[in-house]
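Please look over the model below. The report that follows covers its surface, its cavities and its salt bridges.

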Amino acid sequence: MTSIPWRRTSGAVLVAGLLCGSTALAQSSVIIGTVLNTETKQPAADVVVTATSPNLQGEQTVVTDAQGQYRIPQLPPGTYALRFEKESFKPFARSDVQLRLNRTIRVNVELLPEAFTEEVTVIPLAPTIDVGSTSTGVNVGDDFIRRIAVNRPGGKGGAARSFDSLAELAPGAQTDTFGVSVNGATSPENGYLVDGISTGDPSVGINASPMTVEFVQDVNVITGGYMPEFGRSTGGVITAATKSGSNEFHGTVFANLTPGALEGKRELVVSQGSAISGVTKLHNLGDFGATLGGPILKDKLWFFAGLAPSVTRFAHERAFNSFNVTYDDQGKASRVVDGRGFFATTPIPGSQRTYFADSSSVQYMGKLTYLINQDHNVSLSLLGTPSTTGGNGKLLVDPQQGTVILTRMSSSPAYHTALVQDASARTLGAAYAGAFMDKRLLVDANAGWFHQISSQLPSDGSKIGSDEGLAGTARVTYATLNKFPRALTEFESVPDADTYCGTTLAEQRLRCQVTNYNLGGGAIFDSKLDRYQVNTKLTYILNNFGGSHIIKAGADAEFLSYDNRKAYTGGVLLQEAEVATGVLGWTDARRYGYLHAPDDPQVLMVRESHSTSNTVGGFLQDSYTIASMVTINAGLRYDAQWLYGSDGKLAFSMGNQVSPRLGVIVDPMRNGRSKLFASFSRYYEQVPIRMLDRGYPPDPRYVANHYAKDTNHPNGCDPSTVEGQRACVDPNSHNEVATPESSRDPSRLYSGGKAEARPVDPDIKPQSSDELALGGEYEVMTSTRVGLTYTHRKMNAVIEDMSRDEGNTYFLGNPGFGFAKDFPEAKRDYDAATVYLTRSFSDGWLAQASYTWSRLYGNYAGLYRPETNQLDPNTNADFDIIPILQNRTGLLPADRTHAIKLFGAKEVALTQKLVANVGLSYRGSSGTPINYLGAYLRYGQGETFILPRGSGGRTPWINTIDTSLGLTYRLAKEQSVAFTVDLFNLFNFQGVTSVDNTYTTATVYPVANGKKGDLPGSVQKAPDSDPKVFLTDDDVNPNFGKPTQYQPPRQVRLGLRYTF
Amino acid sequence: MTQRLIAAAPLLLLAGCGFEQPNSGCIVQDSASWILKYDEVQKATDDVCVANKRFAPVGELAGIFKYIDLEKGGDSTLAIRPDGLASRGARDNVTNQREQTAFGNLNLQQDAQYFCSADDLSVAKVDAVAREAVPGKDGKPGISAEEPKKLAYVFTHVKVYSAPSAPGTQFSADLEYTDNGCTSTYKVRGMWPAVACTPGSEVPALSCGQGSGVNPDFAVVCDPTLKLCVPEKAIPSLK
């Protein structure tokens, strides 16, 4: 091939250097190969190679070079047919070439000369090995989704059957609270891309757009080893390409239902007895919709549209109980405690009432793909995933976790059903792909706007900051102190109250005591998050002596903004409190505002904050292939992020994020049927911006204590009416409890009133992790490959907030470095070895099997704390204070030694028109480590690791068996109707998935190098004293080690689909 | 030639990017538990002053607070309320309670040494009537009698130290202390939090060391009279 004089290319390359960025693009798969003359075994030059596919507009044509090599880039995923033609040769066609998203596959072909008479066998080569990269992971397409039970109902995006839950299929991946954990990282660390536009929640990093699989052509779950085109995530990258339309009208109409009635029996967790208890079960869950794609102008302009509404309904049964009491000789009553340390209760008959938690979503999608000519195309797409939950007397389904996180409705039903949550996202994207110079210079550009709404507002429609309706009604919390108990009968009507609760108020307050009982509204917010992103990539193919280079350069920029409006309904949360010894009054548990001067408050009815972050990045990489056998990928990525707090000031910046990526791929037989690879990569975290909203600066709040209204205080606080609430917090009522004049605080009525930003270590470093991966893959037969991989990941610097003075002051820094050098370094070491087999669907069956051995060891779990599900990326309680950092290094909560995943499906033609499919899945995994936890001063429960992490053994092995049964009836050539039944957890295994880790509720110090023999007598209580005090058997939680969660029960999804 | 251009490309990206972290600004730890150590500069010499011990104590607790007026564009006020005045306020029937606190304007422009200064502090004073002796009871020590006290504190050269490693937790000032007409001057060195210590103890948590709650970068000593951790050197008192 003649080399292009550099003069002509220099301009393009300069341009390449100035533009930046790249992410997954929908048209980024490549077919390469070598064409030989089968008689001479010499390369065949000038062979015309034509690729066609129903997913491709028009056809793509290239010509082989002097070495017989061809390359067809920028292809959308799909099934391709290749034609090889040259004069004096017999034409050769190869069909059914499966091209997946972001893959490079090699199709080598031998052509027979026209005059050939000898019999020769042309071995059909089945190319499915991706010879272009060292990435590990899985690719999931329609074939798999239709045949295997995926998208478990319940869980995040369950009803909508979202694409990101498919990530769980990859070896090294497991479901966690907020999504899927990949290679030991937590779900907020993943990158989520749809058609190249990021759909991660800018504030916390989890996926904010649970797009249905019905809109998806291909999902690529990349677990590691990826090139610098993908950056800014320390977990995996989950990327999806949406469907695109074709030259003929095709579409689907579908409906699915998961009836709660077919759910298996749930094992109930035994927990602390209380006067109000609750049980949540799935009631119904379903989705339906339609998609349609087709031509507006054949081979020129295609469209694709889809609509997919879905609804979820959980049923929560609320019931009353009364505490069992015994009487001593003096007739004094006390509660009965059972062997688990729980209060024993008796259900009150006739008290059961069912409430529903509803969530609904209407997902929509529209896309246009326009082919300018064979070398240039553009596409425009709009995707929306709006969803709401709650309202109209309904409970909430948490949008981040996909379940009802309320375990019981311990306050008034009106309170629990007063709010509506909106979790919606909308993506608008435009993409351009162009080829120049006979496809030697490729340009890909992408621009997108991701808009997310996250709000929790009164369901009566009253606006934030308004003084009408629920927005003007404060939340009032009664029964906060055991010293001043309250009875359920004081708030609600209880059947047979005399018998079960007693006749006197004192007895009722013992037998039917409620705690923390809320009436009214609460915290409301309305936030908008935007991501504007643009990325471009240039690819230049250079063949020179020694091999071929594919040089890529890219640049991208991302602008995030987070607009938050927060308020407490009525401007305050009021709470019963002991305002003077033995005196019950009211305190402002939360109130936004500040003090101008001592005792001179200014309330903020609405707290507004606007935080932003700008990130720019760029990369350069070269894929150098020598003799079609060895490919060396060398790349460098650079990112920098500037974060601005809600006062518009720079909070901190994370610069010089240099990520090298190196990979070597060897194709020993030079035929695309096997490979060996090794890679080293560094990944950087893009800091999610919730910490800007919460800490730069924090919310200013002030607090007053108020006397209750009584004969001594006629102007006292009586929050039982809205007028009373307003009078309560009005400074003109003069009902505030004053500190004595001898107090050294110039303010005697009000405290708080100011919030200052958290200082940042001047030497703070960005958070990153390093990965080393090795592996090999071999195609044993058509469409079937086996492989072995080893992955090692470790953290470099981690960003966290810390205190060096027992929680008096905090700063943001890196544990183990800079200010925080007296803190242990954050450590998360992940090692995993996987052996796998994958057979994509062909000849009527598919199979996928993997076994992963892994070890996740360290003292840092990630961007959320699994012990408490605290989702505060980079500012959670993990490294806060030094005394409780002991014993935190060990096997981390997501560590599972063994994981087996088996999937298989077989299609059987029953008659000419009727086809049956049976799919079976088995997932088996080890349990997770158990800890011995205690409480710590000021921080509360679960903060002290009494013995080293993981000392308590492991929860049991979990088996999950799912099956999918389908019947498809072909009506006409391209029309069929299918009926499917997916059974999840077929045998209703109720394995224990988590146990109580709280060894004691007392505040204690960790036992240095502690062993089980040290329990309980060697565990010292905090605070320090002279003489020291140690734990006794009475302090041990009898419920320690008992189950707190079981596997989800058997669920059945029925589906109907019409495809044309 | 193409290779040279490709090598040059990363430099284009790195040009003109600054990555310095911003200053923490003038943070002040709002608390009623600052400990102020008073170092004698010039004591009153009159016989009546010496006879009645009309001097400032060795040190005392004080409240130091910062107030921001968001409506007035973020103007800041610094308030100092020493225990010597606050504890006598109840016996003062003459002045307003507010007068036992010194107020001044806090400048939010930090200097190069991380100090934020406050100027024009009002005079904090108290005019208390005499106190009668209260005998001890149940093993608790009694309270001695006290003459009527007219105290005035004039703080000048007030500075709060606010660096990222010690955000608003050290304080320095000059104090002119007048007690019933006897005026002495002192150098004030203050820190937060005020942590109790046992003089002569080897236990770090009880001798201002690890576990006590004192910033480990601070150079502190356990004052034998106050039994509290106080700054050892001039402000900033760092190791």
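Is M669(A) buried, partly exposed or exposed? M669(A) is partly exposed, with a relative accessible area of 44%. Here buried means under 20% relative accessible area, exposed over 50%, and partly exposed in between (1.4 Å probe, protein chains only).

## Basis of the model

This is a predicted model: local features need pLDDT of at least 70, side-chain atom pairs count only at pLDDT 80 or more, and totals for chains, interfaces and linings use all residues. Residues are numbered from 1 along each chain as its sequence is written, chains are lettered from A and ligands numbered from 1 in the order in which they are written, and side-chain values use heavy atoms, leaving out hydrogens and water.

## Nonpolar surface patch

M669(A) sits in the loop between β40 (650–666) and β41 (674–684) of chain A. Strands (E, at least two residues) and helices (H or I, at least four) are DSSP runs, numbered from the N terminus. Strand β44 (residues 768–781) of chain A gives the largest share, 3 residues.

## Cavities

The whole structure holds 9 cavities of 30 Å³ or more. In chain A, β13 (191–194), β32 (523–544) and β33 (547–568) each supply at least two lining residues. The lining divides into 12 nonpolar, 13 polar and 9 charged residues. Ala, Val, Leu, Ile, Met, Phe, Trp, Tyr, Cys and Pro count as nonpolar, Asp, Glu, Lys and Arg as charged, and the others, Gly among them, as polar.

A cavity is a set of points on a 1 Å grid, over the protein atoms alone, where a 1.4 Å probe fits but cannot get out; lining residues have an atom within 4 Å of a point. Points are joined across faces, edges and corners, and a volume is the space filled by probe spheres set on them.

## Salt bridges

Over all chains, there are 75 salt bridges. Each is a side-chain nitrogen of Lys or Arg within 4 Å of a carboxyl oxygen of Asp or Glu. One of them pairs E189(A) with R828(A), with the closest N and O atoms 2.9 Å apart. E189(A) lies in the loop between β12 (179–182) and β13, and R828(A) in strand β48 (residues 828–842), so this pair ties together parts of chain A that are 639 residues apart in sequence. E189(A) is buried at 3% relative accessibility. R828(A) is buried too, at 6%.

R486(A) and E576(A) also meet in a salt bridge (2.2 Å, N to O). R486(A) is in strand β29 (residues 486–487) and E576(A) in strand β34 (residues 573–580), so the pair ties together parts of chain A that are 90 residues apart in sequence. R486(A) is buried, at 17%, and E576(A) is buried, at 2%. Salt bridges with shared partners also join D142(A), R146(A), R161(A), E214(A), K243(A), D287(A) and R1057(A) into one network.

Conventions: On a 1 Å grid over the protein atoms alone, a cavity is a set of points where a 1.4 Å probe fits but cannot get out, and a pocket is an open set with protein on both sides within 12 Å along at least five of seven lines; lining residues have an atom within 4 Å of a point.
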